[in-house]
Amino acid sequence: MTRTLAALPGAARRLCLSRRKGEICTREKGHRGLHHRRGGSLLWNDLQADPPECPGTGSAAEAAPTLEDGFPDGRAVCPVCWVFVPLDDGALTPHDTWRGDPTRAEADRRREWFNAFGW
């Protein structure tokens with residue numbers, strides 16, 4: 001019997017991460033059909049999804065505190081999507097809404113930061 005990584009006990013579930021009205025799809029990444037949230041009470045297709053650009057762009061912000069290794073490297077936490085974003089004159093630079101960490105290492109550092117500082 002062949003099992004996918006997502007089906008293995010203890011494996012992280014990879015979510016779709018499409019958004020609608022700020023809600024994240026709760027289906028598996030790469031699913032077919034409509035996106036949904038809250039047991040199907042909010043359904044949408046790709047054309048109805050929120051644009052990738054975060055509405056927090058341009059918000060005033062300060063650099064987040066750092067871990068011993070310097071993470072998050074002078075970036076601030078966006079109060080809308082919770083991604084670490086570079087600053088430009090005290091404002092969040094243009095960025096896409098956070099849709100998951102690009103690497104396992106980034107996810108581990110992000111988890112460590114939120115456990116240390118919260119927000």
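Start with the whole protein chain: of the contacts (heavy atoms within 4.5 Å) between residues at least 6 apart in sequence, 44% join residues at least 24 apart. Before you click on, a word on what you're looking at: this is a predicted model, where local features need pLDDT of at least 70 and side-chain atom pairs count only at pLDDT 80 or more, while totals for chains, interfaces and linings use all residues. Residues are numbered from 1 along each chain as its sequence is written, and side-chain values use heavy atoms, with hydrogens and water left out.

**The overview**

Now try a surface. The protein chain exposes about 7900 Å², with carbon and sulfur atoms supplying 53% of it; accessible areas come from the Shrake-Rupley method with a 1.4 Å probe, and for residues only the protein chains shown count as cover. How much of the chain is buried? Buried residues make up 29% of the 119 residues. Here buried means under 20% relative accessible area, exposed means over 50%, and partly exposed is in between (1.4 Å probe, protein chains only).

**Stop one: Ala61**

Select Ala61, in the loop between β4 (42-44) and β5 (76-77). Is Ala61 buried or exposed? It counts as buried because its relative accessibility is 18%. Show what Ala61 touches, skipping residues up to four places away in sequence, and you'll get Ala76, Leu87, Gly90, Ala91 and Leu92. Then pick Val77: its C-alpha atom is 7.8 Å from that of Ala61, and the two residues are 16 apart along the chain.

**Stop two: Arg75**

Stay in the loop between β4 and β5 and select Arg75. With a relative accessible area of 19%, Arg75 is buried. A polar atom of its side chain lies 2.8 Å from the backbone oxygen of Pro72. Leaving aside neighbours within four places in sequence, Arg75 is also in contact with Ala63, Ala64, Phe84, Val85, Pro86 and Glu106.

**Stop three: charged pairs**

Side chains of opposite charge can pair when their charged atoms come close. Call it a salt bridge when a side-chain nitrogen of Lys or Arg is within 4 Å of a carboxyl oxygen of Asp or Glu. How many salt bridges are there by this rule? The count comes to six.

Pick Glu23 and Arg37, whose side chains meet in a salt bridge (3.2 Å, N to O). This pair links distant parts of the chain, with Glu23 in strand β2 (residues 23-24) and Arg37 in strand β3 (residues 35-37), 14 residues apart. Glu23 is partly exposed at 23% relative accessibility, and Arg37 is partly exposed at 26%.

Next, select Arg109 and Asp69, another salt bridge (3.3 Å, N to O). Arg109 belongs to helix α1 (residues 104-117) and Asp69 to the loop between β4 and β5, so the pair links distant parts of the chain, 40 residues apart. Arg109 is partly exposed, at 25% relative accessibility.

**Last stop: along the helix**

Finish with Arg111 and Asp108, a salt bridge whose closest N and O atoms are 3.2 Å apart. They are separated by about one helical turn because they sit three residues apart in helix α1.

Conventions:
Helix = DSSP H or I, 4+ residues; strand = E, 2+ residues; numbered from the N terminus. Polar contact = N/O pair within 3.5 Å; in protein donor to acceptor, adjacent residues only side chain to side chain.
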